[in-house]
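The sequence and the structure come first.

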Amino acid sequence: MTCSLASIRVLGEFFQVQAPMNPYYHRACFLKSAARLSQAPADIGIEVAFAGRSNAGKSSALNTLCRQKALARTSKTPGRTQLLNFFELDGQRRLVDLPGYGYAKVAEKVKRQWQGALADYLEHRKCLRGLVLLMDIRHPLMDFDLQMLEWNIHYGLPTHILLTKADKLKRGAAANTLLQLRKAFEERPEITAQLFSSLKQQGIDEAHQVLDSWFDLGLEEKKMASPPKGERQ
Ligand code: GDP
C-alpha cells in the first residue's frame, strides 16, 4: 500500500502525532546567559524569544522543537532561571529563552529585577523578530500572559502562542480553547496561536513554520546556513 505525504499528515493529526520534520532547529546550541541586556550577544541577525510562566512547558517545548533532550536544562540550572539564555542556530539566528515567571519562592526584589531585564530586552532588542508565548492550555491568559501580550502589542512584536500540554484536554475541548483564543485576538493578526504537546509531539511542524517565517528561512537558506560555532549541549 502506498501512502501520500498528505494522507500521512491527516493520520498524524487524527492521532495527535506529528513527526518532527525540520532538522534545521536540531543544531541549536547554548551560546551564553545574560543577567541584563548589556551582557547579551551583539544585537545583529535575528532572534526569536520564548516566554511563559514557570511550569508552562517552555523547556520541554524548546527541547522538542530542537529535538534535544537537555537543551533548555541550561536555563533551569540554579542561578540561571532569572537570566536571558541565548541558543545559537547559525551565525545570524538565535533562540532566546526568557526568564520564567511565577516562582513562588522568589523575593519581590528579585522578581522586579528580572521583570526589568525582560522589559529592557523586549523594548530595546533590535534583532528581536517575534515572541513565542507558552501557556498551559488548562490555564491560558493568566496575568503574566496578559502583560506580555500588552507589551508585545505596544512594541508591535509578532507573537505566536503555544497552548502547551494539549494532551491534557480531550480533542474537542483543546480545539475549543484554541478557537476561543483566536476569537479573542481576531482583530490582532500579529497574534497567532496553535495547540502544542511535547508529550505527543503535536504541533511541531506548525511551530517550525512560524519560526521559519520569522527567521526568513527558505529551503535554500536552511541548507546553506552554516552550523553555529558555540558549544553543543
Ligand atoms: P517550564 O518551567 O515552563 O520550562 O516547564 P517544563 O518544560 O519544565 O514542564 C513543566 C512540567 O510540565 C513538567 O512536569 C513536564 O513534564 C510537564 N510537561 C511539559 N510539556 C508537557 C506536555 O506536552 N504534556 C504533558 N502532559 N506534560 C508536559
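Which residue in strand 4 does Ala49 stand opposite? Ala49 stands opposite Val96.

The model is a predicted one, in which local features need pLDDT of at least 70 and side-chain atom pairs count only at pLDDT 80 or more, while totals for chains, interfaces and linings use all residues. Residues are numbered from 1 along each chain as its sequence is written.

**Fold**

The protein chain has seven helices and seven strands. Helices (H or I, at least four residues) and strands (E, at least two) are DSSP runs, numbered from the N terminus. Along the sequence, the pattern reads α-β-β-α-β-β-α-β-α-β-α-β-α-α.

Seven strands form an open sheet with the order 1-3-4-2-5-6-7 and mixed pairing; two strands pair if DSSP finds at least two bridges between them. Strand 1 (29-34) and strand 7 (191-195) are the edge strands, each pairing on one side only. On average, neighbouring strands of this sheet are turned by 25 degrees against each other, direction ignored. Strand 2 (residues 46-52) and strand 4 (residues 93-97) run parallel and are joined by five bridges.

Axes are lines fitted to C-alpha atoms, for helices over the stretch in contact, and angles run from 0 to 180 degrees between N-to-C directions. Residues are in contact if their C-beta atoms, placed from the backbone, lie within 7 Å.

| Helix | Lies across | Angle |
|---|---|---|
| Helix 4 (residues 143-155) | strand 2, strand 5, strand 6 (159-164), strand 7 | about 160 degrees to strand 5 |
| Helix 5 (residues 171-184) | strand 6, strand 7 | about 180 degrees to strand 7 |

**Core**

Buried residues (20 or more other C-beta atoms within 10 Å of their own, C-beta atoms placed from the backbone) make up 36% of the 233 residues in the protein chain. The largest nonpolar core has 54 residues, of which Phe50 and Leu163 touch the most other members. Strand 5 (residues 128-136) gives the largest share of this core, six residues. Such a core is a set of buried Ala, Val, Leu, Ile, Met, Phe, Trp, Tyr and Cys residues joined through C-beta atoms within 7 Å. Not counting residues up to four places away in sequence, Phe50 touches residues including Lys58, Leu62, Val96 and Val132.

**Ligand surroundings**

The ligand is surrounded by 16 residues, and the closest are Gly57, Lys58, Ser59, Ser60 and Leu199.

Technical notes:
A residue is near a molecule or strand if its C-beta atom, placed from the backbone, lies within 6 Å of it. A residue is buried if 20 or more other C-beta atoms lie within 10 Å of its own, exposed if 12 or fewer, and partly exposed in between; C-beta atoms are placed from the backbone. Two residues are in contact if their C-beta atoms, placed from the backbone, lie within 7 Å.
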